[in-house]
Amino acid sequence: MDFPATQPKPAADGKIIYYPPGVKEITDKITNDEVVKRLKMVVKTFMDMDQDSEDEKQQYLPLALHLASEFFLRNPNKDVRLLVACCLADIFRIYAPEAPYTSHDKLKDIFLFITRQLKGLEDTKSPQFNRYFYLLENLAWVKSYNICFELEDCNDIFIQLFRTLFSVINNSHNQKVQMHMLDLMSSIIMEGDGVTQELLDSILINLIPAHKNLNKQAFDLAKVLLKRTVQTIEPCIANFFNQVLVLGKSSVSDLSEHVFDLIQELFAIDPHLLLSVMPQLEFKLKSNDGEERLAVVRLLAKLFGSKDSDLATQNRPLWQCFLGRFNDIHVPVRLESVKFASHCLMNHPDLAKDLTEYLKVRSHDPEEAIRHDVIVTIITAGKRDLSLVNDQLLGFVRERTLDKRWRVRKEAMMGLAQLYKKYCLHAEAGKDAAEKVSWIKDKLLHIYYQNSIDDKLLVEKIFAQYLVPHNLETEERMKCLYYLYASLDPNAVKALNEMWKCQNMLRKNLPDPGKAQDFVKKFNQVLGDDEKLRSQLELLISPTCSCKQADVCVREIARKLANPKQPTNPFLEMVKFLLERIAPVHIDSEAISALVKLMNKSIEGTADDEEEGVSPDTAIRAGLELLKVLSFTHPTSFHSAETYESLLQCLRMEDDKVAEAAIQIFRNTGHKIETDLPQIRSTLIPILHQKAKRGTPHQAKQAVHCIHAIFSNKEVQLAQIFEPLSRSLNADVPEQLITPLVSLGHISMLAPDQFASPMKSVVANFIVKDLLMNDRSTGEKNGKLWSPDEEVSPEVLAKVQAIKLLVRWLLGMKNNQSKSANSTLRLLSAMLVSEGDLTEQKRISKSDMSRLRLAAGSAIMKLAQEPCYHEIITPEQFQLCALVINDECYQVRQIFAQKLHKALVKLLLPLEYMAIFALCAKDPVKERRAHARQCLLKNINIRREYIKQNPMANEKLLSLLPEYVVPYMIHLLAHDPDFTKPQDVDQLRDVKECLWFMLEVLMTKNENNSHAFMKKMSENIKLTRDAQSPDEPKANEKLYTVCDVALCVINSKSALCNADSPKDPVLPTKFFTQPEKVNLLILFPKFLLN
């Protein structure tokens, strides 16, 4: 560049200062405006110069030095300072690589001055912004700050520069500004000897959440800078974390308290920044400080769980160490680990296998909150995408539905319900997903078997909201119910039936205010004061209430009881809960009609059965079973010609089960058919007659009961069936006998006044003489003790039905005036004595004999349920009946025990029959013994609860109090055929086992000094004689021996038995004589107690 300089001026150091052409001297004697004007021309001059202009460089060197004087560097005018900074930046460019300033202090002052001017970049709308940008661009391009590396305290300059740039960057800057800032800072980092802690802090502070939220652009700038300089800055970062994490020197940086936040951000920016830090975290995971481990677990949870993280695969040792924290001794650490699993499953399905084993252990954690969060973790992931959770994980949730804590059970049940609704009901992920969770419906309904009322209520709620949502339109709701019922397992079906039954009972019997809690009393009072409210409740529980009406009633009652001033109203919540239980939200006449139409479509083959995963036959059968259950709980909803026409169609189907269910529905719902639907009546009667005569045994039974239940002229109808059947009985064709015998038995039971006498001749001449006392065929001698139903000979099946007919006939009469019951009991006893072969001709097979023994034992037990017959059953007959529970055939023992339990639980059998369970101690099969113990436990609990709930029961304690079973048991064991020698050690050991089998259950509680009461009973027996054989010394010896064993067992197992008995026990006179003399002899070896 060739131009004449203006008149030279002497500088302070004596050197001549040359100014560019047209520029006068710049001193403190001129105004700021003039200084600015002259500096602009100087800026232009330096801007246009390049490094090759040696003459000009030499000529303007004094000017360059002059511009670094205090006058300019400390000038109060920001325009002056900006122009001087631009000049200095160009001077560094022109004179590079050597700066014209040799003093280190001067260089430091200059760069600090330039740095301060960079603050002007903040305001992009400033008229001077372009000059500030020029300054930044020049500094970045030339890397001017690299000159500072030679200065001892260069770090101060760099720190100031970094802080300035991070503070001025904002969202109004374009990409070029950010790029130049990055160039400027990265060159300092990458070309220097290292990054000091303070300089590192100036970068890292922008990653801390508080700063990040204040200035997002500064965070982005720091992020890109770290990415660009990762190789250089990583050792410095590693050193910082080593100082803080390993050596515990938190004083090295003000950011020490934010190390975990920083690690998280750095990992998200570039995992390579933390290559050396991760092993330090593994060290921290094993810290003795629980809170420290918790902080590291929280951090690593975010690192492992973030969406794009591959840390678990890249650093397996750290991953395995982290998984170990699932078993940490510190509860919050385990809790945090479990919470992490949800994000991990969603973001990294490939790690599910690793997590499964640890979640399995935590699903059994002693801490309720952790078990709860395991469920939340699995369900949250499953709701996002079912493929994220494997069958094992779902199995953990399944297990927790039986957790001991209600909160955990509730979470598990609700979680499974939500998955079912999403994937099965709404089919959001296709058939495979629906199949994967199809078990949920069964599992949830099984929970209705639990004793807790909370569980039962939640199942009801889940059923109404998730399995069959009540807010669906009627047709859709019934379709949902229809196919649900068809796909449930048998236990789930029973649970659902029981649920409807409970709700129906509650509708019929609202809680008695006299016994109920305060809220029911209050509700009762409100109903008494508000007639409209009362009428709505009456509508709600009326059989004709529709689902829509029920919904309106519940909302209206809740609205009236709500109190705006009381947002949380326990009274309202309890009333709403009661109303929701009793409201018919699923079933009404419209719903039954829709169900019937669905079944018709299945019959016609036009339904979506296969698409819904069930065969048409299964759908029809299940649909009829469903309607049968609903016919018990909602009978009035069936009353329409359309519904009955469809049921008549079912009666004509070949499927026996379908026809049987249809008859039962008519029986339960058809009370108004005769008066309201004569056409249905005229079609139904011949079908019922036909089923009673030639249908299956089950159909015949239902047909007879149906006629008896719904027709006013039932005597005529039943006679039209009885007479031809009784005349046509033929023992030579046993396969045609079974249905007539069933029908005749039920007719004589339902209408004894009309048919008891005609039946007597049938019983005497045909049932006993012709059928039971004759063996027409020879059974297979295969040695089997039991055969499946289909392999049993027709003759034996007919004999079994003949025994049942005898029982039904007697149960119908309910009196023994004709002594028919005595004859029947003798016959049944003879069958038991002969082991089922009544004729003793040895023509009958072992398996057929088993069937007949079971039938005879069950018949005696059935007759004992009627008081007039119980009185005449002799102790010998009772003992024969009891021994069936020790039958050689497993199936006989099993079925007899089930029948015994069923009758005892309903309090239908006298208490002495509970003593039979003591004999189960001798059952060789462990499962049978366990079943018997459970039966005993349930029976004893039911009797005790019944006594508590019914004050009048105190008058019948002899027949209700479980402890009164002891004398019956002692008498029964004294007459056990296996107990023949009172001094035989093995036999006595068996007696002791039988006694303890019963006493163990009775003695789990010592209610009202029951132990002392049982001891007193046993002692009192020794003052009596055996009423069965009062004059037989051996019989009495056996009785007293069993008493002694019982007394020793009670004494050895209870320290409380020596207390005074609460009352003097009464012994049953049927088995024991009146007390006579003192008998305190101990008749058995005491060492047996050991």
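Start your tour by selecting K108, which is buried, with a relative accessible area of 19%. Here buried means under 20% relative accessible area, exposed over 50%, and partly exposed in between (1.4 Å probe, protein chains only). You are looking at a predicted model, in which local features need pLDDT of at least 70 and side-chain atom pairs count only at pLDDT 80 or more, while totals for chains, interfaces and linings use all residues. Residues are numbered from 1 along each chain as its sequence is written, and side-chain values use heavy atoms, with hydrogens and water left out.

**Stop 1: the partner of K108**

The D156 and K108 side chains form a salt bridge at 3.5 Å, N to O; the term stands for a side-chain nitrogen of Lys or Arg within 4 Å of a carboxyl oxygen of Asp or Glu. D156 sits in helix 8 (residues 154-168) and K108 in helix 6 (residues 104-117), so the pair ties together parts 48 residues apart in sequence. Helices (H or I, at least four residues) and strands (E, at least two) are DSSP runs, numbered from the N terminus. D156 is partly exposed, with a relative accessible area of 41%.

**Stop 2**

Now pick R298 and E336. Their closest N and O atoms are 3.3 Å apart, in a salt bridge. This pair links distant parts of the chain, with R298 in helix 16 (residues 290-305) and E336 in helix 19 (residues 331-347), 38 residues apart. R298 is partly exposed, with a relative accessible area of 41%.

Next, go to E625 and K628, whose side chains meet in a salt bridge of 3.2 Å, N to O. Both belong to helix 34 (residues 616-633), and because they are three residues apart, about one helical turn separates them. E625 is partly exposed at 26% relative accessible area, whereas K628 is buried at 14%.

**Stop 3: a nonpolar surface patch**

Switch to a surface view and select V246, L247 and F283. They form a nonpolar patch with about 270 Å² of accessible area together. Patches are made of residues with over 30% relative accessible area and no salt bridge, with like charges joined within 9 Å and nonpolar side chains (Val, Leu, Ile, Met, Phe, Trp, Tyr) within 5 Å. Accessible areas come from the Shrake-Rupley method with a 1.4 Å probe. V246 is in helix 13 (residues 230-246) and counts as partly exposed at 36% relative accessibility.

**Stop 4: zoom out**

Show the whole protein as a cartoon. It has 54 helices and two strands. Its radius of gyration is 48 Å, well over the 31 Å that the globule rule gives for 1090 residues, so the protein is more spread out than a compact globule. That radius is taken over C-alpha atoms, and the globule rule is 2.2 Å times the number of residues to the power 0.38. Along the principal axes, the C-alpha atoms fill a box of roughly 155 × 80 × 70 Å. Of the 1090 residues, 53% count as buried.

H211 counts as partly exposed at 33% relative accessibility. H211 and L393 are 182 residues apart in sequence and 41 Å apart in space, C-alpha to C-alpha.
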